[in-house]
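Subject: Structure handover

Hello,

Here is the structure I said I would pass on. Please load it first, then read the notes.

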Amino acid sequence: MSIELRGVTAGYVKGVSVVRDIDVHVPTKAITTVIGPNGSGKSTLLRSVVGQTPHTIGSIVVDGTEVAGVSAHRRVIEHKVAFVPQVANVFGPLTIQENLEVGGARLGRARRRQRVAEMLDTYPDLAAKSKVRAESLSGGQRQLLALARALMTSPTTLLLDEPSAGLSPAMMDSMFDAVRNTRDLHGVTVFLVEQNAVQSLEISDFGVVLVAGELAMQGPAQQILADPTVGRLYLGAA
Amino acid sequence: MHLRRNRTRALGLAIPLVLALSMSACGSDSDGASTKKSALPAANSSLKGEIKIGAVLPLTGTNATIGKDQQRGIELAVAKINEGDGVLGKKLVVDIEDSQGTADAAIQAAKKLVSVGKVSAVIGEYSSGNSIPMQQYLQGQGVVGVNPGSSSIDLRSTGELQFSTIGLDDVAGKFTADALTEKGYKSIAILAPNNSYGTGIVDSVSAAFEANGGKVTTSGLYTEGQSDYRQELNRLKDSEPDAYVVTTYGKDGTVINKEIFELGLTDKPVFDIYMSQDVPDADPKSVEGRIGMDVNSTSADGQAYADLYEQTYGENFISSFNGYAYDAVTLLAEGIESAGSADSAAIAAALPEVSKTYAGVTGPVVLDADGQRSEQPYVIAEVKNGEIVPQ
Amino acid sequence: MTEVLIDTAVRGSIIALLAVGLTLVQGTLQFANIAHMEFATLGGYIAVALTGAGLGLLLSSVLGVVIVAVLAVVFYRLLFRRLLGSGTMIALIGSLALAIIIRAVLQLVFGSRPRYLPTPLERGMDFHGALITPSQIRLICIALALLATLAVVLKFTSLGRAIRAVAANPDLADVSGLNRKRVVDVVWMVSAGLAATSGILLSIDSAVGIELGFNLLLPVFAAAIVGGLGSTLGATIAAYALAFAESFVLQVDWGALAGGAYHLEVGYRPAVGFVLLVVMLAFRPQGLMGRTVRRG
Amino acid sequence: MVDYLLGVGILAAVYAINALSLNLQVGVTGLLNFGQVAFVGIGAYSVAILDSHGVHWAVGFAVGGIIAGVAGALVGRLGRTLSSDYWAIATLALAELVRLVALNQDGFTGGAQGLSAVAGLWTNLSGTARDTATFATIAALLVVTYVVARRVRNGQYGRVLVLIRENPDLAASLRHDVVSAKARVMALSAVMASVCGGFYAMYISFIGPSQLLPFATFLVFTMVVVGGLGNTTGAVVGALLITVLYDGTRFVRDWIDISADQAAGIRILVIGVVLLGFLLVRTQGLVPEKVRTAHARR
């Protein structure tokens, strides 16, 4: 459930790394947020945990097991990692129900049906539209669907790439609520990347600051929030 | 021979990705040499040196069957000549190149013959669309060309070094139209390939048939190499003629003949121009009872030739075109003999004179002022029990 | 006019079987496989070879489809994975090279003359004034049955859902726990199998030649693109629509518009597909059923 | 033999010009033109048609160049909204359309029969002298094309084209007019191809629809890939090697005992295997483009 990154260097092209030599500890059942300016490599770091950056070196340990070199779909199945990408986070031409079913593709038929029902229960907004194609949903609903889809397998670790991106302030609030509720209800370890640093740190237990692909700071979220340099640079404080 | 063939197989297997070779057991039957029944006579050992001429034939592509048959005619003629006194006391050699059935490959092949082989005469090709540019090229190079298979009237104007041992379409068109009129058909619909042969034959048949007072209800040109010709055939059918007149090349002919049968065009007479072009490749059932015209290969000397062919290759003529190739080689040999040298201009000068007395296996080959065959025996034939028999 | 409908049904079926496969592969791998049409040619020739070896037509056809399906996966794993690693452009040229190789090998093995499957020559049956042969009826029925089966599988089974998911968003499919490699294998197998079926049906209806697949390249691409790449329903509809257009433009008396009588040369039939293709690409590159404009 | 070698040399030079043209499109700009043969055909038919009406070949070249250039620019613009694979298919379709017109408009193009007896070059000479003069002419033309292609590739414009290939979004965001740049490179390449087509028609004295088959384009693709996509010198090297290989396989039947059908199959197979082999094993070709190795593409 915990995630340990040791000396992680990752990038999309061999020899060109986006993040370099990152050591991060993500504790069990806590919410940990990565913040940093645009292009600092936040998303790349997250994607290296789920196995979506083609070139990754270093050690990534999920719940005590080394997962570097394991393909993305096996990390999801065998190591109970779930990932919600920032854009293209739903299967557009598939209905909401189908999106959830794909999320639970590895479950048995009965279990899958049960999980779909549970998800639609948890998110009544989605239940009302279960036969509707995902591409016709609003941004907030998509984000919820993406979260629900990721939770289908009952993961122990949830990775979120900028869950609040492009949402209205009201939607943002409910999104962050949903993230916190997920952790509180299911005891999931949450590791997320956010542009909206203040709000995300407020619901987080720990924070990580990336600058230009390198680790600048990590610690309890409150401490990061209070840090004057971080505040001036990334939190929009005066 | 066997060793070499095995090596070829081995080469094929060595090529990566040749997964399909597992099927090669049921593979190609296109190797002309392998179907030979009895060996050709050996050359006269007293012949010293070689006289070389070239030939460009469609050994691959749409007309590969015809090309193979032309090659047989050439082989037989060469064997016959070298069994005797050769040419100018030397052995006659014919370098055969593949035209791939396309014009540019035909010209490239002719270029190779002319520049590497230094030949003074080239026989070829079969399709008018290839023979015409090739003869024009040969003319430009000052090399004699002899056309043994194309019939477009444009071959009249390819130059004074260029000849044909087959009658052109103006001769064939008139014969066909007269035959159709004689059979009592008042209206016909014509289908021909969209190439220079096809357009030429449609024009000459139509003109002659209309001059006889007949009516051409429709004439269609089909694009070669398609998998389906129903559109074209339905157009013929819809025009409701007394008879259908078709002329196809072998490869397309098989499909066209099948569809002619399927679409019920065989309810009316189907008249085939140059029957031997497509009938041999067709499903026998689809062409049973077909009538048509063809060049007549069996002249007075022809029967002996037909027997030799059958003996050598173990089957009857697969087309009529071997004979013209045979005559092209023999006529050229006599031309060289008469000219006393293998010089192109001398050969060209001698050929018309020689042709007056030449008795070809396809009948007399008297060349006219344009170097074209002026007489051509044709025959009306029909398909009985899968065989083409003269009517 | 019945002729046009029969024509449309036969040719549309052939094109549709190929176009849905092309569109599935395009959907899951985002690359246009030019060698796809050669699977049809391969299918026809393998069936010819097997019947030549003494097997029955039905058995030969089924085996032909299976062999081509397996071959396609082999091609994918050995060639296309690696080519795709160098970019879609390289993969596209590579698929062209493979198409050339397949044709050359078939010519080496079978020669350049067309081959036939041992089917009895049958007179067409009168169908409202036009003739249709039993083999054409079989062709249309088999094609429609396969297309319907494919549609049902895609829509209602978890395999179909997985295929659609991979096509819609391959990366997300990965992190949803789908084994994308296996899904792509299945897609290759299914689309090559459909292509082979198309080739065999066409071979039964007429003949199989080296050019069989290549002659279908542009009509099939036209159908797949007009249908909106990735949309099997769109490709199917577009295939029949294209076949109808091809047949229709030849039947119309264009001269009547100007008072005379003029029918378009049959030789221009393929142009219908080309023109449709280019017009679609110029004005509506996402296709009729396409939903999103693809990356530029 | 000298004549034959000159013949191969002339052919190789014609192909090299063609390859330089295609390399500008495919290699440098990433425009996958599967219809290159149409530009060649436009040039060849322009010269041949005008020649059959007694017009001097120079006019034929000019007319062919203009038509091809305009066509190229239009096709380049067609690429505006298309991803590369769609565009490739569209160009193939356009080229087939050109071939179909050439095949069916027989009053104009000679139809299936094509146009033969196109006036050659150096008609006042004959034999080896003429072939030598023809070779010298095409060699000079090749040098000019090479210099132009190289200047384009290595100049500011060439860098924009490479950027369009590598990262079109970035090129657009840097305020480069991507559409116009594509249209211009297509126009320039089309003119080159049409010149090579006109020359080919004059040399071989013939042009017909059978020469506009797609395989002609694919042969040139093989040259460009073997030489090295994006490298100007590579295009020439590739053209030379593949011409010798392809024309050399004509002699295959002189060495081994196989049927003509099989020989034809082998000739095509060789081209396919070489193309695929290079794509798999040595994608960068014999003479790699420098920028390509620095920024490997995803």
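This is a predicted model: local features need pLDDT of at least 70, side-chain atom pairs count only at pLDDT 80 or more; totals for chains, interfaces and linings use all residues.

Residues are numbered from 1 along each chain as its sequence is written, chains are lettered from A and ligands numbered from 1 in the order in which they are written, and side-chain values use heavy atoms, with hydrogens and water left out.

Chains

Chain A has 10 helices and 10 strands; helices (H or I, at least four residues) and strands (E, at least two) are DSSP runs, numbered from the N terminus. Its radius of gyration is 17 Å, close to the 18 Å that the globule rule gives for 238 residues, so chain A is as compact as a globular protein of that length. The radius is taken over C-alpha atoms, and the globule rule is 2.2 Å times the number of residues to the power 0.38. Along the principal axes, the C-alpha atoms of chain A fill a box of roughly 45 × 40 × 30 Å.

Chain C comes to 11 helices and two strands, and its pattern along the sequence is α-α-α-α-β-β-α-α-α-α-α-α-α. For its 296 residues the globule rule gives 19 Å, and the radius of gyration of chain C is close to that at 19 Å, so chain C is as compact as a globular protein of that length. The C-alpha trace of chain C spans about 60 × 50 × 35 Å along its principal axes.

Chain D comes to 14 helices and two strands. With a radius of gyration of 19 Å, close to the 19 Å from the globule rule for 298 residues, chain D is as compact as a globular protein of that length. Its C-alpha atoms fill a box of roughly 55 × 45 × 35 Å, taken along the principal axes.

Contact between chains

Which chains share the most contacts? Of the five pairs of chains in contact, it is chains C and D, where contact means heavy atoms within 4.5 Å. Chain A and chain B do not touch, and their nearest C-alpha atoms are 30 Å apart.

Between chain D and chain C, 46 residues of chain D are in contact with 46 residues of chain C. The area buried there is about 4,200 Å², and carbon and sulfur atoms give 76% of it. Buried area is the accessible area (1.4 Å probe) that two parts lose on being put together, summed over both. On the chain D side, D:Y86, D:I89 and D:L280 lose the most area to chain C, together 16% of what that side buries.

Helix 4 (84-104), helix 10 (214-227) and helix 13 (260-281) of chain D each supply at least two residues of the side that touches chain C. Helix 13 of chain D gives the largest share, 14 residues. By class, that side of chain D has 31 nonpolar, nine polar and six charged residues. Here Ala, Val, Leu, Ile, Met, Phe, Trp, Tyr, Cys and Pro count as nonpolar, Asp, Glu, Lys and Arg as charged, and the others, Gly among them, as polar.

Domains of chain A

Chain A is divided into domain 1 (1-80 + 157-238) and domain 2 (86-154), with bounds from an automatic or database domain assignment. The C-alpha centres of the two domains of chain A lie 23 Å apart. In chain A, 15 residues of domain 1 are in contact with 13 residues of domain 2. The two domains of chain A bury about 1,100 Å² between them, 68% of it on carbon and sulfur atoms.

Backbone details

The peptide bond from B:G124 to B:E125 is cis, with omega near 0°. B:E125 lies in the loop between strand 3 (121-124) and helix 4 (128-141) of chain B. A:D63 is not a glycine but has a positive phi of about 50°.
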